[in-house]
Amino acid sequence: DAAVAQVEGLIRDIPDFPKPGIIFKDITPLLGDAAGFRTAVDLLADSIEGPMPDYIVGTESRGFIFGAALAYHIGAGFIPVRKPGKLPSDVYACEYKLEYGTDALEVHRDALSQGARTLIVDDLLATGGTARATGDLLRRLGAEMLGYSFVIELSFLNAREHMIDAPVNAIVRV
Ligand code: 5GP
């Protein structure tokens, strides 16, 4: 598909970032390309099947970029899920495991009303830890989860197998 190829062609491999042995998928060429960025957001919108979300939920920080653009495009609200200590009002927090140690994500307790339809958006799915933590937060808020949507999926990590609570969509699977 030409649109998917356009997006894929604007994602750059950076070896040994942020540490030796890791090949980082750099999305900044995609963001900087007006047509490519628009195509990526259009593809995220096109992949929504069934009811439209009331809210796009974006995970700090690259999930904010695609998530906010998608929310504007489809006429949904945007809910930021942030690193600890950033949100000013009362939060729910969810800890999740990293390769070494733990991290946490937070969301405002009053971000949405019970049963609101939500779609989680992030730039990249790797192990799935970030996405699963975001899903946990949405369950605590009483949200309906329509799915997870990513620009890139590192499919060799098989994160999808552990994300059985909602459908997983990715534009580019590598
Ligand atoms: P996971 O929790 O699935 O292991 O990692 C995904 C999270 O880490 C996402 O929020 C994503 O932004 C970030 N991430 C991990 N690896 C990469 C990468 O190679 N490129 C980009 N752009 N983000 C990454």
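Start with the ligand: the space it takes up is the largest pocket. Keep in mind that you are looking at a predicted model.

The largest pocket holds about 1200 Å³ of space. It is lined by 35 residues, and those closest to its centre are Phe24, Arg62, Leu124, Ala126 and Thr130. Which elements give two or more residues to this lining? They are strand 2 (23-26), helix 4 (62-74), strand 5 (91-97), strand 6 (102-108), strand 7 (117-125) and helix 5 (129-141). Strand 7 has the largest share, with four residues. Sort the lining of the largest pocket by class and you get 18 nonpolar, seven polar and ten charged residues.

Now zoom in on the ligand itself. Around the ligand you'll find Phe24, Lys25, Arg62, Asp122, Asp123, Leu124, Ala126, Thr127, Gly128, Gly129 and Thr130. Strand 2, strand 7 and helix 5 each supply at least two residues of this shell. Once again look at strand 7, which brings the largest share of the shell, three residues. By class, the shell around the ligand has three nonpolar, four polar and four charged residues.

Which atoms of Thr127 come within 2.5 Å of an oxygen atom of the ligand, backbone or side chain? For Thr127, an N or O atom of the side chain sits 2.5 Å from a ligand oxygen. How much of the ligand does the protein bury? Taken alone, the ligand exposes 510 Å², and the protein buries 83% of that.

Next, move over to the second largest pocket, which has a volume of about 210 Å³. Its lining is made of Ser47, Ile48, Glu49, Pro51, Pro53, Leu119, Leu146, Gly147, Tyr148, Ser149, Pro167 and Asn169. Which element gives the most to this lining? That's strand 8 (residues 144-153), with four residues. The lining of the second largest pocket divides into seven nonpolar residues, four polar ones and one charged one.

Go to the loop between strand 1 (12-15) and strand 2, where Pro18 lies. The peptide bond from Phe17 to Pro18 is cis, with omega near 0 degrees. Asp16 lies in the loop between strand 1 and strand 2 as well. What is the phi of Asp16, positive or negative? Asp16 has a positive phi of about 60 degrees, although it isn't a glycine.

There is another cis peptide bond to look at, from Glu60 to Ser61, with omega near -5 degrees. You'll find Ser61 in the loop between strand 3 (55-59) and helix 4. Last stop: Asn158, in the loop between strand 8 and strand 9 (168-173). Asn158 isn't a glycine either, yet its phi is positive, at about 55 degrees.

How values were computed. Residues are numbered from 1 along each chain as its sequence is written. This is a predicted model: local features need pLDDT of at least 70, side-chain atom pairs count only at pLDDT 80 or more; totals for chains, interfaces and linings use all residues. Side-chain values use heavy atoms; hydrogens and water are left out. On a 1 Å grid over the protein atoms alone, a cavity is a set of points where a 1.4 Å probe fits but cannot get out, and a pocket is an open set with protein on both sides within 12 Å along at least five of seven lines; lining residues have an atom within 4 Å of a point. Grid points are joined across faces, edges and corners, and a volume is the space filled by probe spheres set on the points. Ala, Val, Leu, Ile, Met, Phe, Trp, Tyr, Cys and Pro count as nonpolar, Asp, Glu, Lys and Arg as charged, and the others, Gly among them, as polar. A residue is near a molecule or strand if one of its heavy atoms lies within 4 Å of it. A polar contact is a pair of N or O atoms within 3.5 Å; within protein, one must be able to donate a hydrogen and the other to accept it, and residues adjacent in sequence count only if both atoms are side-chain atoms. Accessible areas come from the Shrake-Rupley method with a 1.4 Å probe; for residues, only the protein chains shown count as cover. A molecule sits in a cavity or pocket if more than half of its atoms lie within 2 Å of its grid points.
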